[in-house]
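Please keep the sequence and the coordinates at hand while reading.

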Amino acid sequence: MNFQGSRRRGEDGVATVIDFLLSNARLVLGVGGAALLGIATLAVKRLIERAGRAAENEKVEQKMAESWEELSLVSASPTLLRKGIEDVVMKHVSKATKQQKADLCQNLEVPSSEVQPKHEAKSKRSQLCALTLQERLQQYYSSRVVLAPHEVEKAQSLALDICTEIQGFLHSRHQDMPLGEMNLGGSLLDDLQVVSADHACLLVPLQLEPSLWHLIPGEETLLTHPLHWMVRRINMEYFPRGRSYWDRYLVGGYLSAETVVNMFSKVVMETANWPSISSTLDCQVRPVLGGPELKLEIRPESEAESSNQPLFISMLPVLREGNVVLTAQPELTSPWVNAWHLSLYPWETRRLAQLDASDDGCRRLMLKILKAVCKLSPPMRPLQAAPLTNLILHLSDSESDWSKNSLDVRFQQCITELIGHLEQEALHSYFKPAVNLLNGLSEDQVDQMGFMLYCAMSDPDILLI
């Protein structure tokens with residue numbers, strides 16, 4: 001590259017090289033290598049910019065030489081790239097994370113420190129920064145993860161009140177609709193919700209006649225998807241169409257989940273008297289229309305609570321047969337209108353509870369910490385609860401020590417394992433190995449999460465800010 005011309009052309013040339021390296025790094029190096037290259041590239045760009053701002057030509061040449069000395073680590077060989085760039089990367093990662101911890105410690109200082117002697121304030125900051133990872137995880141759990149009991153009770157009470165109102169409305173308007181008792185389900189009920197009590201789930205059980213309906217496993221359907229089950233109408237020659245209430249929602253001989261959801265959307269979301277219900281419950285209740293989900297938004301009525309975030313309550317039609325729970329969720333089974341989603345959530349939470357009960361382990365606690373990390377960190381936000389739950393279940397097969405004293409070791413191990421799964425772009429379901437729980441992530445999302453997690457390998461504290 002010719003640097004005798006204008007400085008601008010030189011910078012453009014370097015940018016072209018850097019963009020080329022970044023665009024191809026993931027194909028050659030995977031998530032971890034691409035993360036390393038990204039950090040080093042940022043360092044190189046900063047050095048080049050500083051060199052461009054130098055007034056004297058000698059300083060310019062010196063700065064550019066230093067930049068190219070670091071850039072020379074980016075060899076055409078992937079092996080040399082991984083080894084040579086590591087020192088540069090870790091130098092910048094260490095510097096950045098130290099600054100973040102310093103800022104964190106400064107922010108954690110209590111307001112009363114302004115009137116305290118300086119040496120006492122410095123002592124408090126030193127104590128915060130000197131916390132071990134085990135102590136930081138416990139502090140993070142108590143301050144950021146766990147919900148206040150009164151917050152959980154309030155959300156559960158409000159959800160149950162909504163449940164009572166909806167069930168009474170359906171019984172009065174559609175007395176012939178065979179429904180079971182509606183109940184609360186999901187993470188709010190199972191003490192697995194983190195950060196804030198902002199969502200709840202109302203389960204609406206549909207009652208089917210066993211002699212008229214047959215649940216078909218996903219592997220046996222034409223869709224061949226393990227989680228996409230179908231519900232077939234049987235014995236039509238003896239019990240013709242119309243014998244069952246749910247025959248009106250048949251599509252091609254199968255009970256259509258999408259049609260059932262559309263029915264509840266019209267019957268409940270668009271028909272119920274929400275202003276009257278809001279007045280009865282002393283809160284603002286309104287349906288969230290326009291999407292495939294049956295969702296309500298609840299906001300407090302009083303001005304004192306107006307700053308609180310809303311509570312979202314989802315209605316979920318379900319079918320139960322033995323330990324099989326099928327849900328009507330078109331957003332998960334689209335474009336198949338007849339497909340019902342096999343929910344693995346009951347199996348997963350039951351397994352976690354059994355394992356923790358058998359050895360007094362901290363698996364559920366670890367899951368809540370990981371969920372909070374993903375919820376509070378924008379790069380990690382696309383990672384949902386299901387992959388994290390299955391990550392812990394898989395790790396439990398190989399690791400037996402899940403005591404609270406090993407919380408820090410298990411946390412670091414979860415980070416390492418998750419990086420490996422992102423590298424392979426696959427994290428298989430514990431109960432359905434054919435299901436890849438990372439299928440819904442884009443390449444950019446995988447890269448951003450890989451970058452964040454790779455940095456956390458050297459300093460896990462950056463995930464706990």
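In this predicted model, helix 11 is largely enclosed by the rest of the structure, because 11 of its 14 residues are buried. The buried positions are Arg363, Leu365, Met366, Leu367, Lys368, Ile369, Leu370, Lys371, Ala372, Val373 and Cys374. The elements that cover these buried residues include helix 5 (133-145), helix 10 (345-359), helix 12 (385-398) and helix 13 (407-424).

Within helix 12, Pro387, Leu388, Thr389, Asn390, Leu391, Ile392, Leu393, Leu395 and Ser396 are buried. These buried residues pack against helix 10, helix 11 and helix 13.

Two packed helices are described by the angle between their axes and the distance between the axes. For helix 5 and helix 13, the axes come within 8 Å and cross at roughly 85 degrees. The two helices are therefore roughly perpendicular to each other, since angles of 65 to 115 degrees are counted in that class. On the side of helix 5 the contact involves Leu133, Gln134 and Leu137, which meet Leu407, Asp408, Phe411 and Gln412 of helix 13. By class, the residues of this contact comprise 4 nonpolar, 2 polar and 1 charged.

A second pair is formed by helix 6 (residues 149-173) and helix 7 (residues 257-269), which pack at about 95 degrees with their axes 11 Å apart. That angle makes helix 6 roughly perpendicular to helix 7. Ile166, Phe169 and Leu170 of helix 6 make the contact with Phe264, Val267 and Val268 of helix 7. The contact of helix 6 with helix 7 has 6 nonpolar residues, with no polar and no charged ones.

In soluble globular proteins, nonpolar side chains tend to be buried together. The largest nonpolar core in the model has 60 residues, and those with the most contacts inside it are Ile166, Trp246, Phe264 and Trp340. Helix 6 supplies the largest share of this core, 9 residues. Beyond its neighbours within four places in sequence, Phe264 is in contact with Leu170, Met177, Leu179, Val204, Leu206, Met269, Leu294, Met315 and Pro317. Apart from this core lies another, of 45 residues, among them Phe411, Leu422, Leu441 and Leu463.

Most residues other than glycine have a negative phi, and most peptide bonds are trans. Asp191, however, has a positive phi of about 60 degrees although it is not a glycine. Asp191 lies in the loop between strand 1 (183-185) and strand 2 (199-205), and is partly exposed, with a relative accessible area of 46%. Glu425 likewise has a positive phi, near 55 degrees, and is found in the loop between helix 13 and helix 14 (443-458). The relative accessible area of Glu425 is 39%, so this residue is partly exposed. Finally, a cis peptide bond joins Ser334 and Pro335, with omega of about 10 degrees. Pro335 belongs to the loop between helix 9 (330-333) and strand 11 (340-342).

Notes. Residues are numbered from 1 along each chain as its sequence is written. This is a predicted model: local features need pLDDT of at least 70, side-chain atom pairs count only at pLDDT 80 or more; totals for chains, interfaces and linings use all residues. Side-chain values use heavy atoms; hydrogens and water are left out. Axes are lines fitted to C-alpha atoms, for helices over the stretch in contact, and angles run from 0 to 180 degrees between N-to-C directions. Helices (H or I, at least four residues) and strands (E, at least two) are DSSP runs, numbered from the N terminus. Angles under 35 degrees count as roughly parallel, over 145 as roughly antiparallel, 65 to 115 as roughly perpendicular and the rest as oblique. Contact means heavy atoms within 4.5 Å. Ala, Val, Leu, Ile, Met, Phe, Trp, Tyr, Cys and Pro count as nonpolar, Asp, Glu, Lys and Arg as charged, and the others, Gly among them, as polar. A nonpolar core is a set of buried Ala, Val, Leu, Ile, Met, Phe, Trp, Tyr and Cys residues joined through side-chain atoms within 4.5 Å. Buried means under 20% relative accessible area, exposed over 50%, partly exposed in between (1.4 Å probe, protein chains only).
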